[in-house]
Amino acid sequence: MLKPKIHEQRIPISLLKDDLLKIVNKADIKAEEFEENEFLYTSSYLLSDTWRKNPAKDRTLARSWGHPMHTMASRSGSFPPALADYFINNFSKVGDLVLDPYSGKGTAPYQACLLDRVGFGVDITPEAYVLTGAKVHTIKHEEAIEYLKSIRFDISRTNIKDVHPDVKVFFSIKTLAQILVIKERLLDDLGFETKINYISGNIFHYAKTKTEQLAQYWLGIITGILHGSSSYSLSLPCSHSFSMAPNYTKNYAKKHNLKKPERNVIQCMIERSFYLQSAGIARISGKAYLGKAQELPKSWEEKFDLIVTSPPYFTAQSYAWDNWLREWLLGFDFKDVRKQTTQTASYEKYSLAMYEFLKEAYRVLKPGKRAFVIVGDVNKRSGEEKVIIRTSNVIVKEAQKTGFEIDLIINDDIPPTKRYNSSFLNTNQGLQIDRIVCLRKE
Ligand SMILES: C[S@@+](CC[C@H](N)C(=O)[O-])C[C@H]1O[C@@H](n2cnc3c(N)ncnc32)[C@H](O)[C@@H]1O
């Protein structure tokens, strides 16, 4: 791996566009050379009014800041609402269209809606899509309850015998019977399972009708309470952020005498919805799509005013496996979902996936607008040696090929103990530092 050289401002900083100078002082920018290219960089510490309003004083608060709706589910690999808020606030205006083509649990699209922009999210995994849709469609608690009341859930029709033993590890029979009947009915209303095929690669969906959106809202709520250790969690006490391995969970539960709770599932869903909407909901409705970041809809040509996104970083996370139980809930096998997610240790394959995504990002962005791409450095083994891959360099290289200007890289170089993501990733898991690549379409 080539080592970057650092220079004191050899690139004319006057080339930086005014909109970036709103957030960074010229004196805080340095130039760095990498593989014969130079680019400008700064530190997130030095940005004006950065993503926790006054982060220098307390960065640890960054993760908990935000609207309750953001807590619908915790999911590994997410960025904090405060980060999305920062870029949306500074680089778009009311009424603008903001896209996150790797939307995860919908943080950026929902924050865009809260800021009176139209938030669009695309993600390849079913739980990410369902969570994004559940947040951005501005379904009111009262109308969601009306819809729920209108459904007849016939519990006598459930057949627990056919449920995979791995799933049974997590739930009491009584709770599981309710989950089965509720999920079947809601998935039917969303029109989900039948149209999507992770094996053939036919993956595109969005909730068109109000009924589909209502079903998606409740599916998002159940996805969020399916596992965890709160009083409304449907499983035995376990992680909320990721679906734990069944064998490990079984042994752990036995050793610690953990009980599978008997819940009134509908009651838990209603309580959760009530809490998520305790601070109201966004005034503006957004859109959620199940699909690939590398194949955005043809009709989206020059549609967006801003992109804020964070693609996967090589193999730093395994989104399909980490959400296997949530994917079961939504009718999918994580092994099939995994085939379609971008998750590779190969530099070449990863670079190609990033090129294809950046080409699409360039196409759908309006001229003169920006994309902020957040990626982490990752550890990789090369024989005996451990090398650090700067994922941001892949983004820089591939973005240049698509026509983007690379203005600045913001190193989110916060000490591990103060990092917003320190709770779910640490250096043992391969992550060193996040970098935000600031791109512009001329
Ligand atoms: C770093 S996470 C994004 C997290 C998001 N910013 C949040 O706050 O929840 C990357 C996301 O990319 C999704 N993903 C992986 N491959 C994809 C692809 N080819 N197209 C679209 N999404 C993909 C994963 O499901 C995951 O949600």
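The chain contains 15 helices and 11 strands. The model is predicted. Of the 442 residues in the chain, 48% are buried. Where contacts join residues at least 6 apart in sequence, 73% of them link residues at least 24 apart.

In soluble globular proteins, nonpolar side chains tend to be buried together. The largest nonpolar core of this model has 121 residues. Val98, Trp218, Leu219, Ile222, Val308 and Val437 have the most contacts inside this core. Helix α8 supplies the largest share of the core, namely eight residues. The surroundings of valine 98 can be listed in detail. Apart from neighbours within four places in sequence, valine 98 is in contact with Ile88, Ser92, Ala108, Ala112, Arg117, Val118, Gly119, Phe120, Phe304, Asp305, Leu306 and Val308.

Two packed helices are described by the angle between their axes and the distance between the axes. Helix α8 spans residues 210-225 and helix α10 spans residues 265-276; the two pack at an angle of about 100 degrees, and their axes are 10 Å apart. Helix α8 is therefore roughly perpendicular to α10, because angles of 65 to 115 degrees count as roughly perpendicular. On the α8 side, the residues that meet α10 are Trp218, Ile221, Ile222, Gly224 and Ile225. On the α10 side, the partners are Cys268, Met269, Arg272 and Ser273. Sorted by class, the contact of α8 with α10 has six nonpolar residues, two polar residues and one charged residue. Trp218 and Ile222, which belong to this contact, are also among the residues with the most contacts inside the largest nonpolar core.

Helix α4 covers residues 126-136. This helix is mostly covered, with 11 of its 11 residues buried. The buried residues include Pro126, Tyr129, Val130 and Leu131, as well as Glu127 and Lys135. Among the elements that cover the buried residues of α4 are α3, β5, α8, β6 (287-290), α12 (324-329) and α13 (334-340).

Glutamate 127 lies in helix α4. Not counting residues up to four places away in sequence, glutamate 127 touches Thr223, Asn323, Arg326, Glu327 and Leu330. Glutamate 127 and phenylalanine 332 are 205 residues apart in sequence, and their C-alpha atoms are 9.8 Å apart in space.

Leucine 330, one of the residues touched by glutamate 127, is placed in the loop between α12 and α13. Leucine 330 is also buried, with 24 other C-beta atoms within 10 Å. With residues up to four places away in sequence left out, leucine 330 touches Pro126, Glu127, Val130, Leu187, Phe192 and Leu219. The C-alpha atoms of leucine 330 and glycine 220 are separated by 9.8 Å, although these residues are 110 residues apart along the chain.

Positive phi values occur at two residues other than glycine, aspartate 116 and threonine 138. Aspartate 116 has phi near 65 degrees and sits in the loop between α3 (107-114) and β5 (118-123). Aspartate 116 has 14 other C-beta atoms within 10 Å, so this residue is partly exposed. With 16 C-beta neighbours inside 10 Å, threonine 138 counts as partly exposed.

Asparagine 247 belongs to helix α9 (residues 246-255). Asparagine 247 counts as exposed because 10 C-beta neighbours lie inside 10 Å, and the limit for an exposed residue is 12 or fewer. Asparagine 247 and valine 169 are 78 residues apart in sequence and 8.3 Å apart in space, C-alpha to C-alpha.

The ligand is surrounded by 22 residues. The closest of these are Ser78, Tyr102, Gly104, Thr107 and Ala293. By class, the shell around the ligand divides into nine nonpolar, nine polar and four charged residues.

Notes
Residues numbered from 1 in each chain as written. Predicted model: local features only at pLDDT ≥ 70, side-chain atom pairs only at ≥ 80, totals over all residues. Near = placed C-beta within 6 Å. Nonpolar A, V, L, I, M, F, W, Y, C, P; charged D, E, K, R; others polar. Axes fitted to C-alpha atoms, helices over the stretch in contact; angles between N-to-C directions. Helix = DSSP H or I, 4+ residues; strand = E, 2+ residues; numbered from the N terminus. Parallel < 35°, antiparallel > 145°, perpendicular 65-115°, else oblique. Contact = placed C-beta atoms within 7 Å. Buried ≥ 20, exposed ≤ 12 C-beta atoms within 10 Å, placed from the backbone. Core = buried A, V, L, I, M, F, W, Y, C linked by C-beta atoms within 7 Å.
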